[in-house]
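I opened my notebook to go through this model step by step.

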Amino acid sequence: MIGQTQKPIEEILEYLDGKDKVVLVGCGGCATVFHTGGESEVKEMAEVLSGHGKNVLAAIAPPFGEFTCYAPWSKARLGNYQQAIDECDAILMLSCGDGLQVVREFVIEGEFGLLKPIYPGTNPIGHMGGGPTLFKEKCQQCGECLLGKFAGICPLTQCAKGLLNGPCGGSQNGKCEVDPERDCAWALIIEHLQKLDMLWMLDEITLPKDWGQMNRPRKIEVAPLVPE
Ligand code: SF4
Ligand code: SF4
């Protein structure tokens, strides 16, 4: 999931300065889980903006499970609000940056042929797993997963220095020198491999990572989903 927090209202109002007619779009995916753009946050934001004199033409809140970053769903949902989008001065997205850019590229520009000011209402902070209340960053989508070598613990994300051959000299009693409150990822990797009787996996030095796999923006083409 994309971890995210809501932007301060002052920043949102700055974006919307001079723009009276606003359309709000939330997301039934990550933004609902992180309470930044679910149905109640969209409703709340509509009330706040109305209180600041904005004319909210539409407050679009996809139901839980409907991801705004999935273009076919966004095209279908926003299609019902094309007139409001056509008339508005600005769109405020209560979704992650993926959702915002998918709506801008595939729906507003692609489907409707419109160019509209579109603004983020959240600060996305990366892929995170867990829940229902505590989420942790576990993976930075490096494009060439190494978890098979490291007992399912990602050194790139969990080690403060991203070391592929650790631990560093600062690891103390299983804790990280950068933050003694957190476990040393490399102490965990070694402990897990020892318990699995697979410590031999670290006999070979891991070569520097091919960061070419991180060349952005990345693209994947898949066959379309066929509804069952
Ligand atoms: S090695 Fe780490 S960052 Fe790369 S894909 Fe695997 S979990 Fe993600
Ligand atoms: S103490 Fe462990 S987690 Fe911290 S930087 Fe060194 S190897 Fe990485």
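I note at the outset that the model is predicted. I traced an open sheet of 4 strands in the order 3-2-4-5, with parallel pairing. Strand 3 and strand 5 (118–120) are the edges; each has a single partner strand, so one side of each lacks a neighbour in the sheet. I read an average twist of 20° from one strand to the next. Next I checked strand 2 against strand 3 and found 5 bridges in the parallel sense. Valine 25 has isoleucine 60 of strand 3 as its bridge partner. Helix 6 packs on this sheet and touches strand 4 and strand 5. Its direction makes about 165° with that of strand 5.

**Cores.** I then looked up the largest nonpolar core, which has 17 residues. Val23, Leu78, Ile85, Ile91 and Ile108 touch the most other members. At least two residues each come from strand 2 (21–25), strand 3 (55–60), helix 5 (82–87), strand 4 (90–93) and helix 6 (97–111). Helix 6 gives the most, with 4 residues. I followed leucine 78: leaving out residues up to four places away in sequence, it touches Val25, Ile60, Ile85, Val103, Val107, Ile108 and Phe112. Another core of 13 residues lies apart from the largest one, and includes Cys154, Leu156, Leu193 and Met214.

**Ligand 1.** Which residues are around ligand 1? I listed Cys139, Gln140, Gln141, Cys142, Cys145, Leu146, Leu147, Cys154 and Thr157. I sorted this shell into 6 nonpolar and 3 polar residues, with no charged ones.

Key:
Residues numbered from 1 in each chain as written. Chains lettered and ligands numbered in written order. Predicted model: local features only at pLDDT ≥ 70, side-chain atom pairs only at ≥ 80, totals over all residues. Heavy atoms only, no water. Core = buried A, V, L, I, M, F, W, Y, C linked by side-chain atoms within 4.5 Å. Buried < 20%, exposed > 50% of the residue type's maximum accessible area, 1.4 Å probe, protein only. Contact = heavy atoms within 4.5 Å. Near = heavy atom within 4 Å. Nonpolar A, V, L, I, M, F, W, Y, C, P; charged D, E, K, R; others polar. Pairing = 2+ DSSP bridges. Axes fitted to C-alpha atoms, helices over the stretch in contact; angles between N-to-C directions.
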